Amino acid sequence: MFNVRKLAWVGFAFMLTGTALVAVMIILNEASVLYTFYPPLAAHPFFYVGLVLLVLGIWACCFGVFINYSHWRKAHRGQPTPLLAFFAMGVFVLWFFASIGITIEVLTLIPWSMGLVETTNVMVGRTLFWWFGHSLVNIWYLVAASVWYVVVPKLIGGRHFNEKLIKLVVILLVILNIPGGFHHQIVDPGISLSIKYLHVFMSLAIAVPSLMTAFAMFAVFERAGRRLGGKGLLGWLKKLPWGDVRFLAPMIAMIAFIPGGAGGIVNTSNQLNQVIHNTLWVVGHFHVTVGMSVVMTFFGICYWLVPYLAKRRLTAKMNRLGVIQTIIWTVGMVLMAGSQHAAGLLGDPRRTSFTTYGDHSTALSWIPYEYVMGMGAVLLLIGVLIQVYAVFHMMFFAPKGETEFPVAEAEDGAAPAPMWTERWGLWIVLLLMVVAMAYVVPIMDFILNAPPGSPPIKTW
Amino acid sequence: MHRLEEIWITLSVGLLLVFMLIIGYQTFALGMGPPSHKETIDPQEVDETEPFDDPGVKETGDNEYEIVMTMQAFQFTPGDIEIPAGAEVTFTLATKDVTHGFQVAGTNINAMVMPGHVQKITHTFDEPGEFLILCNEYCGIGHQMMSTTITVT
Amino acid sequence: MEQARTEPIRQTSKKALGINQKDAKVSLSYLTVAFVSLLIGGILGLLQGLERSGLLELPTGVNGTWHFITRCFFHYFYDWLSVCCSFAFFRGPVV
C-alpha cells in the first residue's frame, strides 16, 4: 500500500533528478531555449527528459495527497476538511491538471529533438505550454493565500474569515485557473479575435476570487485591530503586530498584490496587452506578484515553519534580522519592479541581454531605468543571503524548543462550511469543462488547419 | 457583514462586466483588436512563397503601404525602411526559422511571428522620426542585436 | 454537527498539529532544496541583473543560458517550497 510519505519521497527523488538533469543541460549550453522552450528552438533530448522527471515527481506528491485525503474523509465522515488541508488539496489538484498540457507538449518534443520525428506543430506546443505556464504561478499564489487566510489571522490575534467563503475562493481559483494562461497569446497569429475575447473574459474571471480575498483579509485585519482597541477609521492599523516578521512579511506581500493584481488586469486585456507584451513591464509585473506577494509570504512562513519542523525556537534576534531582511527585500523589489514597469512602457524588451541596438536614441533612453534595476538586484542578493542564512540557522542552530504552528480559529458561533464544498469530483469535472471550453476550439483549429511543421533549430 | 460581502461581490462582477463591454467595443466596433491574422505558410519555403518571395515596401493606395517582411535569426528583411508621414502601414510578416517578436518601440506595434503562420499588423505613422524595430522574443545568440529602423519623413 | 466542526479546529489550536518527525523530515528536505536553489538563483540573478543594466559583461555566447539558468533556479525555489508547505499544511491537520 502506498502511503503519502513514501510517495513524497519518491517525488523528491524524481524532482531532484529532473532538476539536476535540466540544470546540467542548460549549463552545458545544450538547452538555451529559455523557460518557455518554444519550439522550434530545440534543446538536447535530456533537457525534456529532465522536465518529464520533474513533472512525475510532482505527480507522485499529488497522488500521495489525493490518497491521504480520501482516507481522511472515510475516517471522518460528515466533517469538513480543515482549512489548510483544503488549500493544500486545491494546490495539488490544480498542479496535476495544469501539468497535463505541458506533459503532452514535452512528450511530443522528445522524439522530435532526437530526430525521430521530422517536424512539430509550434502553435500547439505554445498553447499547451501556456495551459500550464500561468497556472504554475497561481499554484504558488494559492500556497501564499492559504497562509494569508489561515495563518496571518492567528498571528494578529484574530479569527479567520467565514469558512464557506474561503473554501469557495479556493474552489473558484482551482476551477477557473487554467485558461488564464491564454493571455500570453493575445498577440499571436492564427487565433480569431472572438476566441481571444472569450479568453480575456476567462482570465479576468480569476480576478473575482482575488477581489474576494482582498475583502476578506482587510475585514479580518480590521476586526482584529478593533478588538485590540484600535479606534477611528484607520486606528486599527496601528494595533497590528508590525514588528513580528511572521506578520510583516506576508502583510507587505498582500499589499503588493494590489498593484500586482491591477497590473495583471492590464496584461490580460486585449489592447493594453499589445502595449506591454514581451517588454520589461511584464518582468516588473512578476517581480511584484511573485517576487513580493508569493516570495515574501514564503519568507514569512519560514520564521515559524522551519523552527516548528526542526523543533527549535524563533529568537527575538532572529525576528529582528527577519524584519531587516523584509525591509531590504521590499526596497529592492520596489526599485526593481518600479523601474521595469517604467522601462517596459517605453518599449524596453524582456528576455534579452544588455543592448543599445547600435546606440539608437530610443534604446539609450532606457538605460537610466536599467541602472535602477541593477541597484534593486544588488539589494535583493543581500536579501537572499540574509534569508538563506536565517533559514539554515533556524534549521540547525537556533535554541531547541517547541514552536507554535499558528492556525486561526473560526469566529465564535460561525457556521461550518457546508459539506458540498468537499465534492472534489464535481470541481474536477467543472475544471475540465472550463479547460475544454477554452482549449478545444483553438487546439483543434491548429491541428486541423496546420501548416507544414517546423524542424528542430539551434540558434545559439 | 453579510451585506457588505454581497455589495463587494456584486461590485467586483459588475466591474468585470463593464470592463468586458469596453474591451469588446474597442475590439469589435473600433477595430482595435490585437494582431490575429489567420493564414498559414510552409515555414521552410518562405522565400519561395508569395508575397515573401519579394519582400519590400509596396504602395497599395493613397498614402497606404504594405511592408512585406521576413524575419530570421537575427535580421529583418528589408531593413532601414522609409515611409512618408501620415502613412497607414500594414506589416505582413513571416519567419523563416524560429519564433520572433515584432515590436516598434514607441508605438503599439507588437506581434508574435510564429513559424508556419503569417502575421499582419497595421499602424498609422503620424509623427516623423526614426523608429526602432526590434525582435522581442528570444531567438538565439544574436537576439539582442536583431533590430532595424523605420524612418518617417 | 457542532462536534464535527470544532474537533479538528480544537486540535489545531492546542499545538497538536499532527506533523510527526518523519513528515517533518520530508518537508525540511524539500525546503533545503528550495533554499539552495534560491541561493544559486540569487547569485546568478545579480549577475544577470547587472549584465542587463550594462554594468557588467558576461562571457558572450551564453546569452540565453544566463537568462534561463537564473529563471530556472528561481522556479525551483518556488516549486520546491510550494511542495514543502503544501505537504506540511496537508499533513498537519489531516493525519
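R52(C) and E370(A) form a salt bridge in which the closest N and O atoms are 3.1 Å apart, a salt bridge being a side-chain nitrogen of Lys or Arg within 4 Å of a carboxyl oxygen of Asp or Glu. This is a predicted model, in which local features need pLDDT of at least 70 and side-chain atom pairs count only at pLDDT 80 or more, whereas totals for chains, interfaces and linings use all residues. Residues are numbered from 1 along each chain as its sequence is written, chains are lettered from A and ligands numbered from 1 in the order in which they are written, and side-chain values use heavy atoms, with hydrogens and water left out.

Within chain A, the side chains of K458(A) and E30(A) meet in a salt bridge with an N to O distance of 3.9 Å. K458(A) lies in the segment after helix 16 (424-448) of chain A and E30(A) in the loop between helix 1 and helix 2 of chain A, so this pair ties together parts that are 428 residues apart in sequence. Helices (H or I, at least four residues) and strands (E, at least two) are DSSP runs, numbered from the N terminus.

The loop between helix 1 and helix 2 of chain A also holds L34(A), a residue other than glycine whose phi has a positive value, near 65°.

At the interface, 68 residues of chain C are in contact (heavy atoms within 4.5 Å) with 87 residues of chain A. The size of an interface is often given as the accessible area lost when the parts come together. The area buried between chain C and chain A is about 7,000 Å², of which carbon and sulfur atoms give 75%; buried area is the accessible area (1.4 Å probe) that two parts lose on being put together, summed over both.

Grid points are joined across faces, edges and corners, and a volume is the space filled by probe spheres set on the points. By this rule there are 4 cavities of 30 Å³ or more.

| Space | Volume | Lining residues |
|---|---|---|
| Largest cavity | about 340 Å³ | 21 residues |
| Second largest pocket | about 390 Å³ | 19 residues |

Closest to the centre of the largest cavity are Y35(A), L51(A), L54(A), F132(A) and D79(C), and its lining divides into 18 nonpolar, 2 polar and 1 charged residues. Here Ala, Val, Leu, Ile, Met, Phe, Trp, Tyr, Cys and Pro count as nonpolar, Asp, Glu, Lys and Arg as charged, and the others, Gly among them, as polar. Nearest the centre of the second largest pocket lie N162(A), K164(A), L165(A), H2(B) and E5(B), and the lining of this pocket divides into 10 nonpolar, 3 polar and 6 charged residues.

In chain B, the peptide bond from E50(B) to P51(B) is cis, with omega near -5°, and P51(B) is in the loop between helix 1 and strand 1 (56-61) of chain B.

Notes. 1 Å grid on protein atoms, 1.4 Å probe; cavity = no way out; pocket = protein on both sides within 12 Å on 5 of 7 lines; lining within 4 Å.
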